[in-house]
Amino acid sequence: MGHDFRSRACYLKTIMTAPSDTAAADKPATHPDRKPHLYLVDGSAYIFRAYHRLPPLTNPEGTPVGAVYGYTTMLWKLAQDLDDAEGPTHLAVILDKASQSFRHDLYPEYKANRPPPPEDLRPQFPLIRDATRAFSLPVIEEEMLEADDLIASYARAATRKGWDVTIVSSDKDLMQLVGTCTDPDDGVEPGCVDMLDTMKNARIEIPEVVEKFGVPPEKLGDVLALMGDSVDNIPGVRGIGPKTAEKLINEYGDLESVLNAAPEMKKSKMRENLIEHAEMARLSRQLVQLKEDCDLPMPLEKFALDGIPKEPLADFLSTHGFTSLLKRLGAGAGSPSRPNDLNPAKPQNAAADAGTRQSLPEWPAVDLDSYECVTTLDRLDAWIERAFAAHAVAVDTETSSLDSMQAEMAGISLALGPNDACYIPLAHGSDDMFAEKPEQVPVAEALARLKPLFESDAVLKIGQNIKYDLTVLNRVGITVAPVEDTMILSFDLDAGRGGGGIGQAHGMDSLAETHLGHTTMTFKDICGTGKKAIPFSAVPLDKATQYAAEDADVTWRLWKILRQRLADEGGTRIYENVDRPLIPVIAMMERNGIKVDREHLARLSAEFAEQIASLEAEVHEMAGETFSIGSPKQLGDILFDKMGLKGGKKGKSGQFSTDQTVLEKLAGEGVPMANKVLEWRGLSKLRSTYTEALQQAINPETGRVHTSYSLVGAQTGRLSSTDPNLQNIPIRTETGRQIREAFVAEPGNVLLAADYSQIELRLAAHMADVPPLKEAFANGEDIHARTAQEMYGEVTRDTRAQAKTINFAILYGISRWGLAGRLGTDADEAQAVIDRYFERFPGIQKYIVHTLEKVRETGYSETLFGRKTHFRNINSKNPNERQGAERAAINAPIQGTSADIIKRAMVRMMPALHEAGLDNVKMLLQVHDELVFELPEGDVDAARPVIERVMAEAALPSVELSVPLGIEIGTGHSWGAAH
DNA sequence: CAAATCACG
DNA sequence: GACGTACGTGATTTGC
C-alpha cells in the first residue's frame, strides 16, 4: 500500500480550506447510451426559498435579483451535472401561473391564507423566465393548472416511457410521487421518481418520505388530508397534526377506514373531530390529490439537454451584474460555489446573510397610538372573546424583575394582529403610596378572566421568550398552553447568523430590526437605567401601553414571518419535535429549583478565606512587596519584570500572560511562588464564584436555587445556564467537589444523577461510521483503550492517554499544532498521530471532508435531527477566521446531536414517569449530558429503569443509532454523593 | 466595558 | 511556508 502520511495530511489541509468547486467546463452534451433521466424543476417553489435564503442583492439598475441569482446558480449546477450517472438528460422548468385551478372550484378558500409575495420578490418573477431562457431550457406554465399538477403529469408520462424522473423541489405534496414506478409500455425497464432538494443537497426517496411522515408515498395523500395545511389553507381535521395523522393512517390503513372507524374509537376530542370534520377530510383528500392526466403543453422529447449556448447566457449574466458567473462561463469553469457577485451589502457568503433582507409583508407600520389601554372588565372581556376567535394571541407580561421566580406582575399585553394590540395594567401606581392609583381592572378578576384563554387548547399563546411568562403566570395559578416562541423560532432558523452578542441575536429588538425594519422602544427609554431606574409599575399608563403593547404587536408580526420561514426552510422538525415542547419542561425545572445547604457553603467559605489569607501573606513575602494577586497585570510585572523570569507577552494588550499553563510551567522550573499563586487563585475562584455567590442565589421564598436556562444560548443547540450558572459547579478537584456536597435533597428524598457516558464519541462513531469504535461501544469496552489498541497495537498507560487526547481532539476539529500542545510533542509528531488515526479510522476523515463541503456550500451544518448551525466565516478569506469556523463546523453536528438527544429525553421524561405512577419524581437540572432528579428514597428502584430507558431510547424513532447509548446512574443525599 | 482567568461538558 | 495553538458555555475581578 505504501501510505504516505504526509501527503494525506496535505490532502486534509487542502480540503479544509480550498473552495469546493471542481466541476469541469463545457461538458459533452448528449448521452445517447444513457437511460433518459428527466429533471422537472419546481421553479416557483424554488425562488420563494431562494428569496428567503439569499441577501437582498440588486443588479446595476437597482432591481432586486437575490432570488434570481440563487435560481441561476441552481440551474447552472443542474445543467452541469449531466455527466453524472444521476444527472439529467432532459430538463424542464415548471412555473406556477395559475391564479385559479380546479381546486378553487372544489374549495373557494383554497390558498386563501397565502400572503402576497414580498414586495421585492415580485419584480423577480419575470426575470426567472428570462434566466431559464438564457440557459435555453424550456419553461412550462399553464393557466388553470398548478405547477404540481403539471409536474405530476410529466412525471407520469416519463415513467410510462421507462424514463427516470427527478423532481427538483422539496414540496411535501409532490412527495406523493416519490418511488412511483409506472408499468412501462412494452417490457422496457420501468422508470422511477425521486426528488432533489438542491438547497440541502439531499435526495428524497421512499425512506426519506417515510422518515418525514411515517408513511410511504402512496399513503401520504391520506396523511396530508387529515393534517391539513395552513399555508395552502387545506382544512384537514381540527386538532390532528402530522403525528396523529401518521398514527391513524398506519393503524387503519387509509383515510376512508379512519373516518369509518371513528364512531368506534374511544371517546375523545379526536373522535368527535373526526366525525364532525369527516367531510372536510374527504374534501382535503381531493385537494391534495395531484392531477396526473393534464394535457402536456410540450412533448417530453423537447426537453433534451443539448448543451448550453454561451451567448444568450453571457448576455443575461452581464445584464444583471453576475460577474463571477460570467467569468466562469468565459473561462469555461464549472459551477459556481461562492456567490460573491453584485454589490452584496457585506456578506461574502450569501447564506450567511439571509434573514437581514429588506422587504416586509404588506402590514401597516407599527403605530404606537393605535394601542388600547384596557381598564374595564367589559373591554377585557371583548379582547378575550376576540382572542378565542382568532385562535392565536401574542402575550407579554410586564414585571418588576428579570428573575421570573421573584418578579411581580405589573400588567399584561395582548396582540391579535398588526396594530391590533392592548395593554392591561394590573398593578400600576402601587409602589408609591402617595401617588394616585390609576383606574385598573382588579388583578384577581382580570386573571380569573384571562385564565381560560391562557389555558385553552384552542388558542396559541405566542411570546418572545415565553418561558419567562410561563413562570410568572404559573406563580399566579395559570398554566399557559399551548405556546409558540419567536425567540426560539429565530434560533431554530438562524443559529449562528447573529452578528454580535449571542444573547442579543435573537432578542426582540434585533429581530424587529431585521425582520420588520422597525426600531422598538427600549426598556431603558421608559424606565431609565442604573440608580435612576423606576419599576415598570411606576410608568404612566400612556407610556406603559405604548411600550407593552408594541412588544406584543411586534411579537405577533415576528411569529407570522418566522413561522412561514420555518416551513419554507425546513426548521419544523427540530422546532416541533424538540425545542418547542421543551419550553414548558424547562420552565418546570426552573421552578423546581434545587435545595442548597447554606451552612455547608458558609463553612467552606470561611475555610477558604483562611487559607487564602495565609497564601496571600506567603506570596507577598516571596515577592518582597504587597500587591493584588488577583491582578494578572500586577502579577505579571512581579514575576517577569521584577523577578526576571522568562515568559511571553500576549499580543494585543502587550501584557504578560499568567494563566494556569504559564504558572504550572514556572512551578515545574522550580519557582515556588507560582504554586502558591495557583493555589490562591483556585481558592479565590471557588469562594467568590461558588461558596459566596450561591448563598446569595437562594430564593428566600422557596429556600432553593432556581437557575435560568437559555434555549438559545449556545449555537450548537445546547442549553446554557445563568443566574446562577449551575452547569459549571466544580467536580474535577477534590476541593471543588466539596461544593457539590452543598446541593442536597429534602429529608426523605435523594438526588439521582443520570448521565450519558461518552455520548459525543458514540455519536462520532455512528455519524462517521467507524466500525471498530462502534464495535467497542457495542461490547461495552473502554473506548480509549480500544483506540490505543487500534493505533499502537498495545494498551499501556501512555498509549491510552494519548488515544484519549486524540479522541477528543477529533471531536473538536484538529490541527497538528493544537494536538502537539496537548500531547507535549512537536507538530511533526502530532501530524504522524493524526495520520495514523485517519488510517485506522478512515470514516472520520470522510466525515470531516463531507461536513466541511456541505457547510461551505450551504453555510450551515445540521444535526441528525435537522438542527442547523450557521457559520458565516466558513468561506472567509482570513485564514484564522476560516479555520476557526471549520473546527466549529466539525464539532457542531456532534455536540448538537447530543444536545438534541438529551432534550428529547427531557421532553419524554415526565410523561414516562407519570405513566409508571411516579409522580413524586422531580427533574431539577440538566448539565449537557446529565440530568439530576429529586425523588423519595422509596421510589429510586422504580424510577431508575424508567429514567434509563427514556434516556437510552431518546433518539428513536426518528434516528436509529448504530451504537448503544450508555447511561450511568448514581444516587445520594447530595449531588456530590450521587456521582 | 473589555480582557483575563477559570469553572463545567 | 505563515497562520496560532481544540469545541461549546458563564461569572468574577481588575483596570481603563
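A residue is called buried when its relative accessible area is under 20%, exposed when that area is over 50%, and partly exposed in between (1.4 Å probe, protein chains only). Helices (H or I, at least four residues) and strands (E, at least two) are DSSP runs, numbered from the N terminus. The structure is a predicted model, in which local features need pLDDT of at least 70 and side-chain atom pairs count only at pLDDT 80 or more, whereas totals for chains, interfaces and linings use all residues. Residues are numbered from 1 along each chain as its sequence is written, chains are lettered from A and ligands numbered from 1 in the order in which they are written, and side-chain values use heavy atoms, with hydrogens and water left out.

Chain A contains 38 helices and 23 strands. Of its 979 residues, 52% are buried. The accessible surface of chain A is about 42300 Å² (Shrake-Rupley method, 1.4 Å probe; for residues, only the protein chains shown count as cover). Carbon and sulfur atoms account for 50% of that surface. Contacts (heavy atoms within 4.5 Å) were also counted by separation along the chain. Among those between residues at least 6 apart in sequence, 71% join residues at least 24 apart.

Helix α31 spans residues 771-778. Its buried residues are P772, L773, K774, A776 and F777. These buried residues pack against α30 (759-767), α32 (783-792) and α35 (827-840). An α-helix has 3.6 residues a turn, so residues three or four places apart point the same way. Just after α31, G780 takes a positive phi of about 70°.

I806 belongs to helix α33 (residues 797-812). Its relative accessibility is 0%, so I806 counts as buried. Leaving aside residues up to four places away in sequence, I806 touches M791, I814, L819, V833, I834 and Y837. V833 is 27 residues from I806 along the chain, and the two C-alpha atoms are separated by 8.2 Å.

Salt bridges were assigned where a side-chain nitrogen of Lys or Arg is within 4 Å of a carboxyl oxygen of Asp or Glu. This rule gives 51 salt bridges. In one of them R129 pairs with E141, with the closest N and O atoms 2.7 Å apart. R129 lies in helix α5 (residues 124-134) and E141 in the loop between β3 (139-140) and α6 (147-160), so the pair ties together parts 12 residues apart in sequence. R129 is partly exposed, at 22% relative accessibility. E141 is buried, at 18%.

D381 and R449 also form a salt bridge, with an N to O distance of 2.5 Å. D381 is in helix α16 (residues 377-390) and R449 in helix α17 (residues 443-455), so this bridge ties together parts 68 residues apart in sequence. D381 is partly exposed, with a relative accessible area of 28%. R449 is partly exposed as well, at 28% relative accessibility.

A further salt bridge joins R704 and E934, whose closest N and O atoms are 2.7 Å apart. R704 lies in strand β14 (residues 704-705) and E934 in strand β22 (residues 930-936), so the pair ties together parts that are 230 residues apart in sequence. Both partners are buried: R704 has 7% relative accessibility, and E934 has 1%. Elsewhere, D492, D579, R867, D900 and K903 are linked in a network of salt bridges.

H391 is placed in the loop between α16 and β8 (392-399). At 37% relative accessibility, H391 is partly exposed. H391 touches A458, V459 and L460, with residues up to four places away in sequence not counted. D457 is 66 residues from H391 in sequence, and their C-alpha atoms are 9.2 Å apart in space.

On the surface, D84, E86, E205 and E208 gather in a patch of negative charge. Patches are made of residues with over 30% relative accessible area and no salt bridge; like charges are joined within 9 Å, and nonpolar side chains (Val, Leu, Ile, Met, Phe, Trp, Tyr) within 5 Å. Lys and Arg count as positive and Asp and Glu as negative, while His and the chain ends are not counted. The place of a charge is taken as NZ of Lys, CZ of Arg, CG of Asp or CD of Glu. E208 is partly exposed, with a relative accessible area of 34%.
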